[in-house]
Amino acid sequence: MKSTQPDPESQLREPALVVRGLSKTFYRRGGQPVRAAQDISFSVPEGRIVGLLGPNGAGKSTTIKCILGLVEPDEGEVEVFGTDAARHRRQALSMMSAVLEGSRNIYWRLTPRENMEFFCSLQGHEPSQHREYIEQLLELLNLSEAASQPVRELSQGMKQKVSIGCALARRTPLLFLDEPTLGLDVETTYQMRTLLRELATRQHRTVVISSHDMKVVQSVCSRVIIIKDGRVVADDRTENLLELFRRRTYTLELSGELPEEADRRLRSEFDNVDIKVLSHRTELSVEAARSEELYRLVDILREAGMAIEGIAGEQPDLEKAFLQIIADKTFCGQSREATK
Amino acid sequence: MTWTIFKGMFRKTAITLTRYAFNTGSQIVTFYIVFCLIFFGARALGGAVDMGETLEGILVGYFVWMLAIMAYSDLSWHVANEAQMGTLEQMYLSPAGFHWVNAAYLLSNLIINLIILSILLALMILTTGQRVVLDLVSIVPLLLLTVAPAYGIGMIMGGMALIYKRVQSSFQILQFVFIAFISVPIGRYPLVRFLPLAQGNYLLRQVMIGGARLWELTGSDLLVVMGVAAVYLGLGILIFRRCERVTRSRGLLGQY
Ligand SMILES: Nc1ncnc2c1ncn2[C@@H]1O[C@H](COP(=O)(O)OP(=O)(O)O)[C@@H](O)[C@H]1O
Ligand SMILES: [Mg+2]
């Protein structure tokens with residue numbers, strides 16, 4: 001089959017994961033029903049690392065557990081490499097593994113190597129035939145030295161790495177990591193990010209990482225799906241999302257008072273204009289997306305006869321974008337869909 | 001695939017058992033001491049009180065009781081523990097399905113339990129000087145039929161533990177209820193034979209004390225022990241599946 005599409009690779013291959021209209025409401029005795037997932041839809045192309053980003057309680061874990069069949073969704077379909085996960089759960093499970101949030105996931109009485117061998121066999125693979133791979137994983141995860149020590153004696157970060165190793169040892173093409181840096185200190189979180197990036201390039205898997213930590217997603221994922229109150233509020237390539245919010249907030253210090261005419265023009269042409277009049281000075285903060293806008297700003301001020309005494313800019317990052325999306329109740333579907 | 005999972009499971013069980021040999025050892029010693037207390041206590045009282053039981057009967061009953069407790073707690077505690085440790089969900093992610101993983105676990109443990117119990121039985125026979133007939137061809141099938149209801153009850157309790165995390169505290173009480181099932185004389189209360197363990201224990205006594213072979217037992221007696229096994233096991237599986245469904249729908253499989 002020939003294709004004239006610009007990105008034939010992703011067009012031809014079927015996606016690793018398709019989620020359509022997934023909804024789940026939890027009913028708790030004596031409490032309000034919790035709509036943990038509401039009509040969640042997204043797809044993940046093969047070989048990509050995608051981030052599920054959202055504050056605590058957004059519905060990330062629920063979404064992942066519904067995909068894995070650990071929680072029964074009220075509505076919605078899940079396809080794993082074209083297989084309907086609800087109808088053919090076992091076949092779908094043979095292609096998925098996961099490190100779940102807040103669980104040990106592994107046996108603390110066993111050593112990392114024993115754990116990895118056990119979970120390899122749980123997937124139906126003969127560990128003796130995958131011994132070399134398991135050794136490779138231990139090395140990649142920097143666990144070779146601790147490989148024969150019971151897990152309970154290892155640090156929190158190492159335990160988490162063993163959990164990831166056990167999921168990898170199942171050798172499934174699709175992998176879910178729910179909050180992989182939760183409970184790790186700054187230093188270990190940094191190491192974990194590096195490790196996840198390395199996994200991405202070396203292991204050729206499709207990975208879905210959920211996190212409420214922006215930096216993890218920003219540094220590891222090529223695409224971000226932002227979830228808030230059980231809904232997908234943004235779904236785009238990480239760089240596009242960054243671009244969308246590549247607005248700088250400039251703070252300008254002006255001598256004297258801003259004329260009314262200039263004030264009016266600024267407010268009509270720029271977003272988030274904030275003017276503070278101090279004694280003999282005016283502090284003006286303005287949002288501008290591109291440098292041309294900044295030039296235009298300077299022009300307006302010059303025409304009004306204002307002298308600029310200082311400019312300070314603020315660098316944006318995904319963290320700000322994220323916080324803005326989360327705070328903005330009306331934000332929805334502003335970013336374009338990266339994939340179909 | 002199931003064979004691979006069984007091997008993996010057996011290895012894990014064996015590793016845990018030997019690594020925590022002290023736990024295993026103290027468990028055996030406890031069982032042994034409790035047995036000695038019961039046995040010699042009964043013998044001392046034997047003259048004064050009519051136990052309605054022979055001393056050999058106590059030996060057989062205690063053996064059945066141990067196996068039943070092991071079977072029952074393997075199931076109920078296993079499910080509850082794995083849920084608590086956060087490994088239960090990983091079992092559910094096996095493409096073989098949780099039921100096969102669980103079956104592999106139970107079988108691994110049954111094999112190990114039987115080994116431990118054989119050692120204990122030998123110890124018990126040596127200390128008490130009681131003679132029992134060890135006709136394995138008759139004993140093993142009958143033993144499995146006898147403890148099958150214990151698995152069924154274990155499944156019910158394990159299923160409940162999935163939903164109601166606090167049900168665990170009542171696990172131990174059932175172990176003592178088992179004693180009642182074993183020690184109520186069937187001859188006096190015929191309906192008791194439909195309770196778990198009772199009929200199996202009654203037949204095992206015929207085999208291990210009376211020296212009867214499996215095929216020499218009464219057909220209707222065998223039918224009852226098979227029926228009881230099937231009913232309790234089936235009920236257990238049914239209830240466990242129901243509990244699983246509720247658990248999935250309420251999202252309770254993990255630590256929530
Ligand atoms: N089993 C459950 N029963 C009741 N409420 C639940 C259950 N699981 C999750 N919730 C609720 O659903 C919402 C989403 O939770 P979750 O999916 O864990 O969010 P996240 O992983 O994004 O932090 C939360 O309000 C949480 O309290
Ligand atoms: Mg979560």
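Student: For chain B, what share of the contacts with a separation of 6 or more comes from residues 24 or more positions apart?
Tutor: That share is 81% in chain B. Keep in mind that this is a predicted model.

Student: OK, and what is chain B built from, how many helices and how many strands?
Tutor: Chain B has 9 helices and 0 strands. Reading from the N terminus, the elements go α-α-α-α-α-α-α-α-α. The radius of gyration is 19 Å, close to the 18 Å that the globule rule gives for 256 residues, so chain B is as compact as a globular protein of that length.

Student: What does the C-alpha trace of chain B span along its principal axes?
Tutor: About 60 × 40 × 35 Å.

Student: And how much of chain B is buried?
Tutor: Buried residues are 53% of the 256 in chain B. As for the surface, chain B exposes about 11,700 Å², and 69% of that comes from carbon and sulfur atoms.

Student: What about charges, how many positive and negative side chains does chain B have?
Tutor: There are 17 positive and 10 negative side chains in chain B. The centres of those two sets are 10 Å apart.

Student: Which way do the residues of β3(A) point?
Tutor: Ile49(A), Gly51(A) and Leu53(A) point one way, while Val50(A) and Leu52(A) point the other way. Both sets are buried. In a regular strand, side chains alternate between the two faces of the sheet.

Student: Which strands does β3(A) pair with?
Tutor: One is β8(A), residues 206-211, which pairs with β3(A) in the parallel sense over 5 bridges. In that pair, Leu53(A) sits opposite Ser211(A). Another is β9(A), residues 223-228, also parallel to β3(A), over 4 bridges. There, Val50(A) stands opposite Arg223(A).

Student: There's a 4-stranded open sheet in chain A too. What's the strand order, and is the pairing parallel or antiparallel?
Tutor: The order is β2-β1-β4-β5 in chain A, and the pairing is antiparallel.

Student: Which strands are at the edges?
Tutor: β2(A), 34-44, and β5(A), 83-84; each of them pairs on one side only.

Student: How many bridges link β4(A) and β5(A)?
Tutor: 2 bridges, in the antiparallel sense, with β4(A) covering residues 75-80.

Student: And which residue in β5(A) does Glu79(A) stand opposite?
Tutor: Asp84(A) is the one opposite Glu79(A).

Terms used:
Residues numbered from 1 in each chain as written. Chains lettered and ligands numbered in written order. Predicted model: local features only at pLDDT ≥ 70, side-chain atom pairs only at ≥ 80, totals over all residues. Heavy atoms only, no water. Rg over C-alpha atoms; globule rule 2.2 N^0.38 Å. Buried < 20%, exposed > 50% of the residue type's maximum accessible area, 1.4 Å probe, protein only. Contact = heavy atoms within 4.5 Å. Areas by Shrake-Rupley, 256 points an atom, 1.4 Å probe, with all protein chains shown as cover. Lys, Arg positive; Asp, Glu negative; His and termini not counted. Charge placed at Lys NZ, Arg CZ, Asp CG, Glu CD. Pairing = 2+ DSSP bridges.
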